[in-house]
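Q: I am new to this structure and would like a close look at a single part of it. Please take me through that part and what lies around it.

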Amino acid sequence: MGLSSRQAPARFPFGRRLPCDIYWHGVSFHDNDIFSGQVNKFPGMTEMVRKITLSRAVRTMQDLFPLEYNFYPRSWILPEEFPVFVAEVHMMKDSDPSWKPTFIVKPDGGCQGDGIYLIKDPSDIRLTGSIQSRPAVVQEYICKPLLVDKLKFDIRLYVLLKSLEPLEIYIAKDGLSRFCTEPYQEPTLKNLHQVFMHLTNYSLNIHSGNFIHSDNVNTGSKRTFSSILCRLSSRGADVKKLWSDIISLVIKTIIALTPELKVYYQSDIPAGKPGPTCFQILGFDILLMKNLKPMLLEVNANPSMRIEHEQELSPGVFENVPSPVDEEVKVAVIRDTLRLVDPQKKKRKDVQCQTLEPVSEASEELLDAGPAERPEHDAGRSPEAGLPSLCLKQVFPKYAKQFNYLRLVDRVAALFIRFLGVKGTTKLGPTGFRTFIRNCKLSNSNFSMASVDILYIDITRRWNSMGIDHKESGMCLQAFVEAFFCLAQKKYKSLPLHEQVASLIEFCEYHLAALDEKRLVCGRGIVERRSAVVPCQTDGFRLTPAAHTPLLNRTAAASKFADYRNHRY
Ligand code: ADP
């Protein structure tokens, strides 16, 4: 559906004559004929939140920042990591014989609990047939979840990714708690198959005879998250700390997803060409452990926004009836998303920009979902004055200062994108990789260009052999990240990985800024001397983005270069 400011809402594709302000896609970003306005989906988001891709993206961050990313269960990708899975489990069992783990196997791309099963031992995996043809993630099973009324439950929180660059994230102040329908027991060989005890999916538990539809948000098999927080608070739990941990989990997860999303974005909506901007509502599924630590289960790119449920009135006769719990949470999320992306508001904002409050300073205290906010400072004057306060709370850039140090892979992705060359691609060719090495001055007597080619071929071949995307040849971002980590380890041997990577990023950015400055000077020379021909090094196959960036950015790049030089030398 497209919503134009000049016409009544029109259902796509019929009736769409004029460009719309907001395009509301049902499942994923798919319309390449949009040149303006805003689309409610990011290109590539559906691929990014698949179980395998998400596990990979989080694992890269776990390699860099193991403590910060300990909110995601240890995971292995099947079938390719089956031998590693077996070996690691044996090793852990050997070092701690009292460890009696359970694992959960989840098919990639599955949803609603489809195809999921629990196992006690790697040898229980149904490797024959299904796993070979349907890749999956196997994960450590969280055996001690927090129980309410003796039941396991998970939390669905709605998160608005309002912008990728600059990063803007909002979290809804209330969510849903979805309950199992059989009292929980820690997994044993006997109860492993009892889905109503172990899986919290609404779509499964609805079929249990014990499912309770309730009009009250505090009871039943689906409740508001705020009702759980009230219960916990009355038991003396530190609910503020819990919110802070949840906000941190959400921001860190999105930081893990952004590098690849940016690659998809520049491919579908190339910089410099007319295109829409994007925003997206994501559904975060979170499990609370007994000690109240939140653990990420998965991210949904297309969370259900249904506000009614099916009820069996008499045997075999179903009817859709309103669900007050869903309505309370979801209507607010959609309403506030539209308020936040409202193009009219943006125009008003531009007019009044001098009177706006600055974005809140990052707080050093606990991250706080805070009290209900007024939507804008102009409450009372704006058309929103009569609406309830916003349920969506900005957490980024509000808390940017606390998380920016984690955004290393984003900077690696920026290097990758710079050398991609042909617009619309997502993979780096061998020439692009060589140019990257040459321009960043990474090749030397110990690391010849022949070794560069071998590194490129080795890593690219391995990633392409396990990749899902065979459409393009070349090196994907994850492969580039792996190569980059290798180079960083080689160059800065004794440091921890994140410091090695940070040092190499700075090294590369420094040399590229120097190159950009040189080109800027060359460019000026050309302009000044008009017709003189000035020899000037290029990236080899295209001009660098610096040649096209606005002067402000280039000045910033040049002064960054000067800063770096002053500090280093
Ligand atoms: P799906 O997309 O099929 O719903 P999920 O990853 O959400 O897959 O898993 C389904 C359910 O299984 C979750 O809602 C949760 O109740 C349970 N679950 C998933 N992973 C774990 C885990 N690592 N530990 C404990 N329970 C889990």
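Is alanine 136 buried or exposed, and what is its relative accessible area?

A: Alanine 136 is buried, with a relative accessible area of 1%. Buried means under 20% relative accessible area, exposed means over 50%, and partly exposed lies in between, for a 1.4 Å probe and protein chains only.

Some ground rules come first. This is a predicted model, so local features need pLDDT of at least 70 and side-chain atom pairs count only at pLDDT 80 or more, while totals for chains, interfaces and linings use all residues. Residues are numbered from 1 along each chain as its sequence is written, and side-chain values use heavy atoms, with hydrogens and water left out.

Now the setting of the residue. Alanine 136 sits in strand 7. Helices (H or I, at least four residues) and strands (E, at least two) are DSSP runs, numbered from the N terminus. The C-alpha atoms of alanine 136 and isoleucine 77 are separated by 6.1 Å. Along the chain, these two residues are 59 residues apart.

Four strands form an open sheet in the order 4-7-5-6, with antiparallel pairing. Its edge strands are strand 4 (75-78) and strand 6 (117-119), and each pairs on one side only. On average, neighbouring strands are turned by 25° against each other, direction ignored. Axes are lines fitted to C-alpha atoms, for helices over the stretch in contact, and angles run from 0 to 180 degrees between N-to-C directions. Two strands pair if DSSP finds at least two bridges between them. Strand 5 (residues 103-107) pairs with strand 6 over three bridges, in the antiparallel sense. There, valine 105 stands opposite tyrosine 117 of strand 6.

Helix 2 (residues 51-64) touches strand 4, strand 5 and strand 7 (136-140). Its direction makes about 135° with that of strand 4. Helix 3 (residues 82-95) also packs on the sheet and touches strand 4, strand 5 and strand 7. For helix 3, the angle with the direction of strand 4 is about 150°. Contact means heavy atoms within 4.5 Å.

On a 1 Å grid over the protein atoms alone, a cavity is a set of points where a 1.4 Å probe fits but cannot get out, and its lining residues have an atom within 4 Å of a point. The whole structure holds six cavities of 30 Å³ or more. Grid points are joined across faces, edges and corners, and a volume is the space filled by probe spheres set on the points. The lining of the largest cavity has 14 residues, and Ala57, Thr60, Ala256, Glu260 and Val409 lie nearest its centre. Helix 2, helix 8 (239-268) and helix 15 (477-491) are the elements that give two or more residues to this lining. Helix 2 gives the most, with five residues. The lining divides into nine nonpolar, three polar and two charged residues. Ala, Val, Leu, Ile, Met, Phe, Trp, Tyr, Cys and Pro count as nonpolar, Asp, Glu, Lys and Arg as charged, and the others, Gly among them, as polar.

The protein has 17 helices and 18 strands. Buried residues make up 49% of its 569 residues. Of the contacts with a separation of 6 or more, 66% come from residues 24 or more positions apart.

Terms used:
1 Å grid on protein atoms, 1.4 Å probe; cavity = no way out; pocket = protein on both sides within 12 Å on 5 of 7 lines; lining within 4 Å.
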